[in-house]
Amino acid sequence: MTARLKAQDNLHGFAVGLTDVGRMRQENQDTFFIDEDLGVYAVMDGAGGMNDGARASGLVREALTGISNPTSAENLFDQFENHVIRAKDQIERAAEHANGAGMGTTIAALLTYGSHFVCLWAGDSRVYRFRNGRLEQLTTDHTEAQDLVDKRVLTPEEAKKYPRRHVITRAIGSGLDLELDAVSGNLRSSDRFMLCSDGLTGHLDDAVIETFLMNSAAKATAKGLIDGALESGGSDNVTVVIVDIDQSSSSQAEDRK
């Protein structure tokens, strides 16, 4: 991970997060993390038998609570990286005590500082940005299907029906080396970011997601997206975090939720 944040103008993120077990699962192995003061937002989608997936995603969430007020953009980035590494170690130790059973989690995170942001991810949870009426996927899935698309073995449409489309190639834990991709850029007032697990994108395509994100109220938008995934089958846990970037006060932001 080489991207670095730069501190400039003071823009602030106001966030709403929702998660649902879905219609087919007995346990919700997704979780999310929001800290508006730190500028840290994340979605984790756990993988593993029994309670192992939920434990893995929960360990990452717990680790992120240890991040303290950053002294600089670089400090925030480094703290995030260190706490994710700590969570990976905890997941691997937990897996050893569970007779070596597979245990891991995806992560899609957004860090904001000043007027800059960085997205970091491993797996198939995603970060999108909605700006000036246009939706852009900022992350690229770490899956077998995406690898085949990148090699032009499959088309994007064929990848949606690929039998192993849900097999991830990167994660925190699951015996995989920790490797997060990162992309950074400038924030603008009125930017809207959406972080989600694949329980959402498995049911709603980008055109539908874009329509929901046009809604001005973050809480209603998040609920609409969750409900849309459930109405379309709800075959997996589904989690959504909406982050609105603005210069207005937190009280004003609360009025818009």
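Cys-196 is buried, with a relative accessible area of 0%. That is a handy place to start a tour of this predicted model. Cys-196 is in no disulfide, and the nearest cysteine sulfur, which belongs to Cys-119, is 12 Å away.

**Cysteines**

- Cys-119 is buried too, its relative accessible area being 0%.
- The disulfide count for the model is zero.
- A disulfide is a covalent bond between the sulfur atoms of two cysteines.
- With a cut-off of 2.5 Å between sulfur atoms, the 12 Å from Cys-119 to the sulfur of Cys-196, its nearest, leaves Cys-119 in no disulfide.

**The five-stranded sheet**

- Five strands make up an open sheet, ordered β1-β12-β11-β7-β8, with antiparallel pairing.
- The edges belong to β1 (12–20) and β8 (134–137); each has a single partner strand, so one side of each is left without a neighbour in the sheet.
- On average, neighbouring strands of this sheet are turned by 20° against each other, direction ignored.
- Inside the sheet, β7 (residues 126–131) and β11 (residues 192–196) run antiparallel and are joined by five bridges.
- Within that pair, Arg-129 sits opposite Phe-193 of β11.

**Helices on the sheet**

- Helix α6 (residues 206–213) packs on the sheet, where it touches β7, β8, β11 and β12 (238–246).
- The direction of α6 makes about 125° with that of β8.
- Helix α7 (residues 218–231) lies across β1, β11 and β12.
- Relative to β12, α7 runs at about 155°.

**Helix α2**

- Helix α2 (residues 73–97) contains 25 residues.
- From its first C-alpha to its last, α2 reaches 37 Å, close to the 36 Å expected at 1.5 Å a residue.
- Buried residues of α2 include Leu-76, Phe-77, Phe-80, His-83, Lys-88 and Ile-91.
- Ala-73, Ala-87, Ala-94 and Ala-95 are also among the buried residues of this helix.
- The cover over the buried residues of α2 includes helix α1 (52–64) along with strands β3 (40–48), β4 (103–105), β5 (107–113), β6 (116–122) and β9 (172–173).

- On one pairing, β3 and β5 run antiparallel, joined by four bridges; here Ala-42 is opposite Ala-109 in β5.
- β5 also pairs with β6 in the antiparallel sense, over seven bridges, and Leu-111 stands opposite Val-118 in β6.
- Two residues lie between the strands of the β5 and β6 hairpin, in which Gly-114 takes a positive phi near 60°.

**Thr-106**

- You will find Thr-106 in the loop between β4 and β5.
- Thr-106 is buried, because its relative accessible area of 3% falls under the 20% cut-off.
- The side chains of Thr-106 and Ser-125 are joined by a polar contact of 2.7 Å.
- Leaving aside neighbours within four places in sequence, the contacts of Thr-106 are Val-43, Met-44, Asp-45, Ala-122, Gly-123, Asp-124, Ser-125 and Ile-168.

Key
Residues numbered from 1 in each chain as written. Predicted model: local features only at pLDDT ≥ 70, side-chain atom pairs only at ≥ 80, totals over all residues. Heavy atoms only, no water. Pairing = 2+ DSSP bridges. Axes fitted to C-alpha atoms, helices over the stretch in contact; angles between N-to-C directions. Contact = heavy atoms within 4.5 Å. Expected span 1.5 Å × (residues − 1). Buried < 20%, exposed > 50% of the residue type's maximum accessible area, 1.4 Å probe, protein only. Polar contact = N/O pair within 3.5 Å; in protein donor to acceptor, adjacent residues only side chain to side chain.
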